[in-house]
Amino acid sequence: MCGIVGYIGHRKAAPLILGCLRAHEYRGYDSAGIATAHDGKITVKKGVGKIAEVDAKYDLEDMEGHAGIGHTRWATHGAPSRANAHPITDCTGRLAIVHNGVIENYAEIKKELARRGHKFKSETDTEVAAHLIEEYLKNGLEFEAAVGKAVARFRGNYGFAVLKAGEDKLVLARNGSPLVIGFGRNEVFAASDVPALLRHTREFAFMEDGDLAVIDAKGARFMHDGRPVRRRRMHVSWTADMAQKDCYPHFTIKEIEEQAASIPAALRVDVGRAAKLVRAAKRIHVLGCGTSYHAGLVFKHLLARAAGRECEVFVASEYGESAVMKPGTLVIAVSQSGETIDTMMAVRHARLHRAKVLAITNVVGSSLSRGADANVYINAGPEVGVVATKTFTSQVAVLTKLALAVAGRKVAVNGFAKKVKDVLALSGKMKEIAHALRNTDDFFFIGRSLSAPVAMEGALKLKEIAYVHAEAYSAGELKHGPLSLIAEGIPVIVIAPAAGETHHKLLGNIRECKARGGKIMALSDSSRLLDEGKWKVPMPPVSEELSPLLYTIPLQFLAYYSCLERGFDPDKPRNLAKSVTVE
Ligand code: G6P
């Protein structure tokens, strides 16, 4: 969702910014650019495409200057084009700006500025910021005061980094879109999130909403509502190596394989305090988007089954409209990045109604974690591939532990790491199946109880990276409509762990599909269920509670290999971004 980078220090800015942008590319990749300040002038190079394409065309490293800003874009206002790519400049060309987020009232400000003679070169909302700051500078304001006055006029959410010719500083502003500041020796960095800067520093300060920050080579100053404020520095434990592809062709497959370690690590996370909060709560709301929503659904089933407690799970973007707020509500906000704006807005709504917030995130220092009453970190390490893989299973592992802890039980982990490895060994089999299904355009995923959200997650992965139409249903629901779509040859992927009480009903659902020509892919540890499949994916025996952790993995492989079969890049799916910071 647009990645911002800023640098000021003793080294040449452009190559450093380029490196950080590459590490930031999962936030958006339809256009990119860099601006540097040198000799009292600003130079901008930018273009359409992934960073490597823009670099090949314009040689982004070859720019003078020790201060600069960079951007990799995920278009909101204005199609991907050279003019709309950031950095965006003002009329004088002495000011350059990069932006993440949406300025909701940009149209009225644009009209006003156009009346005053400002010439607009792009269709972006960002450009009004450049001209508005220019206007305030013309009226005699200092650089940071001009930025402060401009952002005070904006509605919406934003992260800005602003560069001005002749100034030895960058000005940053944040409201809703994350910005972190990284400290090196005689150099200071800014970025939309931590992984972009790990190659250079592990010392960070995190801007809060409404903050303005001024950075120079020596450090950072923060202001809030016009007054100086302190922002604590934190040391992060992630390293740059953790966010490297190593010998893997893609981050996505690396991160799928990493589940051999990340699932056991998540099952070791301490959930004691969180369990107390759940026990003490009168009612529980779980919020998440996309994959994180599916993890919430697994939790709902487990909490009901293990602890006899009810909870409601909400797609975060619908929470404000559909939740009934009552005293004593605990909100469990699930978000890998901890930055998803829909989740943040839902949490804000919950806070207005005095709900307590427990955040389940992967990113220490993320916006969600900083605003929560309590945090559980899933400890999955950085996830770079746009689609969530290892972070989903880590969320599920932590939430499984939590649901059982509420019931005073522990997860039986003995031998489980070996089972994860056994399932990871199914990679080759899933590759063959993906090959066999390379020309298939419609897929159905079904499961019952805990396996229904796993089916939803499997379908989402396939849609996200293989661009294939996939539907997921609770198996019993199929006969209430979607069965009409099951025709000769349509693959129906059945998530069928033998444990639990539903597999005999599932057999009935499988037969309904087969009778209409559906071709079954059975994932099961029961030979009876496997025998129903045209494609059989034999799974190790597992308790029902832990089954989502294992059964998700073959579906991730299926999506990954289906993506490769169709010639797409799994790490950068079209139209998507890893961290979505617009509503
Ligand atoms: C985006 C990503 C999804 C992800 C969702 C929630 O839409 O493309 O893959 O599941 O955000 O992300 P979060 O960081 O809040 O878990």
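**Figure 1. Phe 557 and Tyr 561 within helix α19.** Phe 557 and Tyr 561 are 4 residues apart in helix α19, which places about one helical turn between them. Helices (H or I, at least four residues) and strands (E, at least two) are DSSP runs numbered from the N terminus. This is a predicted model, in which local features need pLDDT of at least 70 and side-chain atom pairs count only at pLDDT 80 or more, while totals for chains, interfaces and linings use all residues. Residues are numbered from 1 along each chain as its sequence is written, and side-chain values use heavy atoms, with hydrogens and water left out. Phe 557 is buried at 0% relative accessibility, and Tyr 561 is buried at 11%. Buried denotes under 20% relative accessible area, exposed over 50%, and partly exposed the range in between (1.4 Å probe, protein chains only).

**Figure 2. Aromatic pairs, with Tyr 467 and Phe 568 in close-up.** The structure holds 9 aromatic pairs. Rings of Phe, Tyr and Trp (its six-membered ring) form a pair if their centres lie within 6.5 Å; planes under 30 degrees apart are stacked, over 60 edge-to-face, and the rest tilted. The ring centres of Tyr 467 and Phe 568 are 4.4 Å apart and the planes stand at 45°, so this pair is tilted. Tyr 467 belongs to the loop between α16 (451–466) and β22 (469–474), whereas Phe 568 lies in the segment after α19 (547–565); the pair therefore ties together parts 101 residues apart in sequence. Both residues are partly exposed, Tyr 467 with a relative accessible area of 21% and Phe 568 with 31%. For Phe 557 and Tyr 561, the ring centres are 6.2 Å apart and the planes are at 20°, so that pair is stacked.

**Figure 3. Arginine charges over aromatic rings.** A charge sits over a ring if NZ of Lys or CZ of Arg is within 6 Å of the ring centre and within 35 degrees of the ring normal. The charged end of Arg 574 sits over the ring of Tyr 467, at 3.9 Å from its centre. Likewise, the charged end of Arg 233 sits over the ring of Phe 183, 3.6 Å from the ring centre.

Figure 4. Phe 154, Tyr 158 and Phe 160 form one aromatic cluster. Of its 583 residues, 61% count as buried. The C-alpha trace spans about 80 × 50 × 45 Å along its principal axes.
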